[in-house]
Amino acid sequence: MQESNDLEKLLQGRVTESMVLRIGRSKFGTCLWLLSYPGKLKKSLSYVYRPDEKIMARDGFMPGQSFSAPGFLEAFLSYIKLIMAPDFILDEKKVEASNDHIRIEAEVLEDGVTMPLILNFTENNEEIAPEKIRFKPKTISDPPVDIFIFPAERRAALIMAGVLKSLEYTNDFGQFAELYDIASNIPCDGTLLFVSMKRALQAKEVELTSGRRSCFETFSADRRMKKRWEQYKKRNELSITWEELLNELKAFFDPIFEAIASEEEGRSFFGDWIPELGRYLDA
């Protein structure tokens, strides 16, 4: 049974890493920013699309085109399908596209086993810079490629603002796993997280009350949430306990919450988050 699970993970890794490499090498490599932490690739890959002036009309797109531009979705989907060919099989009924979101559900035959792959694309026009990393595949022998990652600080803020809005009524426990991945693996700029958190709260119209600031204590006492986390953890083969997860997130977010709550005009938050230490260090 364990050998079967290990083989499935290996095959899924080949599929997802192959797609990350293909997109990284494509003409959209600079304007498709991977949203998922690259060390945790699964069967679903999410990207943020940033309109890029470098994409020329000769490529089939007008410079700086957005999802809502006439003809863009059709051209974009055609190009993504070209990237996926000939290995990936697409069912046209499982392709969803709108001015806000594109979802493509595909599958590929890998060593006699059919493996799924889901691609999600959303657009972001904020004036932010991505992180550029050298992506080195672990399951296939292809050479590494430079890819762009949506800022972890911005991603964490967007997720946490959604959690604060719904609190114990949240239904997506994958977001807690993603926040934990960020806090436990990625060094973060505290100032950028502070600014991003403020913007995310404003965008979602969430007031950072004392109750919301103490959300991790509330979650810790909520048996229903703990039980649902245990179920999610088992399905996704995770080892982190509910208490360990909340303690990590509390250390990551509480200083940011406190800085926002006690903010004075012109004040900001300074310090870098060090995952190995589980705390912020003054810059």
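Predicted model: local features only at pLDDT ≥ 70, side-chain atom pairs only at ≥ 80, totals over all residues.
**View 1. Helices α3 and α5 cross each other at roughly 40°.** Look for helix α3 at residues 152-166 and helix α5 at residues 190-203. Their axes come within 8 Å. As for handedness, α3 passes α5 in a right-handed crossing.

**View 2. Here are the residues where α3 meets α5.** On the α3 side, the contact is made by Glu 153, Arg 154, Ala 156, Ala 157, Leu 158, Met 160, Ala 161 and Leu 164. On the α5 side, you'll find Leu 192, Leu 193, Ser 196, Met 197, Arg 199, Ala 200 and Leu 201. Sort the residues of this contact by type and you get 11 nonpolar, one polar and three charged.

**View 3. Three strands make an open sheet, in the order β8-β9-β10.** The pairing in this sheet is antiparallel. Strands β8 (188-189) and β10 (279-281) sit at the edges, so to speak: each of them pairs on one side only. Zoom in on β8 and strand β9 (residues 272-274), and you'll see that two bridges join them. Cys 188 is a handy landmark here, standing opposite Trp 273 in β9.

**View 4. Helix α9 lies across the strands β8, β9 and β10.** This helix covers residues 242-261. Compare its direction with that of β10 and you get an angle of about 45°.

**View 5. Strand β5 pairs with both β2 and β4.** Start with β2 (residues 44-49), which pairs with β5 (residues 113-123) in the parallel sense over six bridges. To find your way, spot Ser 44, which stands opposite Ile 118 in β5. Now turn to β4 (residues 101-110): 10 bridges join β4 to β5, and these two run antiparallel.

**View 6. Zooming back out, the chain has nine helices and 10 strands.** Of its 283 residues, 45% count as buried. What about contacts between residues at least 6 apart in sequence? Among these, 64% join residues at least 24 apart.

Note on methods
Residues numbered from 1 in each chain as written. Heavy atoms only, no water. Axes fitted to C-alpha atoms, helices over the stretch in contact; angles between N-to-C directions. Helix = DSSP H or I, 4+ residues; strand = E, 2+ residues; numbered from the N terminus. Left-handed = near helix turned anticlockwise from the far one by under 90°. Contact = heavy atoms within 4.5 Å. Nonpolar A, V, L, I, M, F, W, Y, C, P; charged D, E, K, R; others polar. Pairing = 2+ DSSP bridges. Buried < 20%, exposed > 50% of the residue type's maximum accessible area, 1.4 Å probe, protein only.
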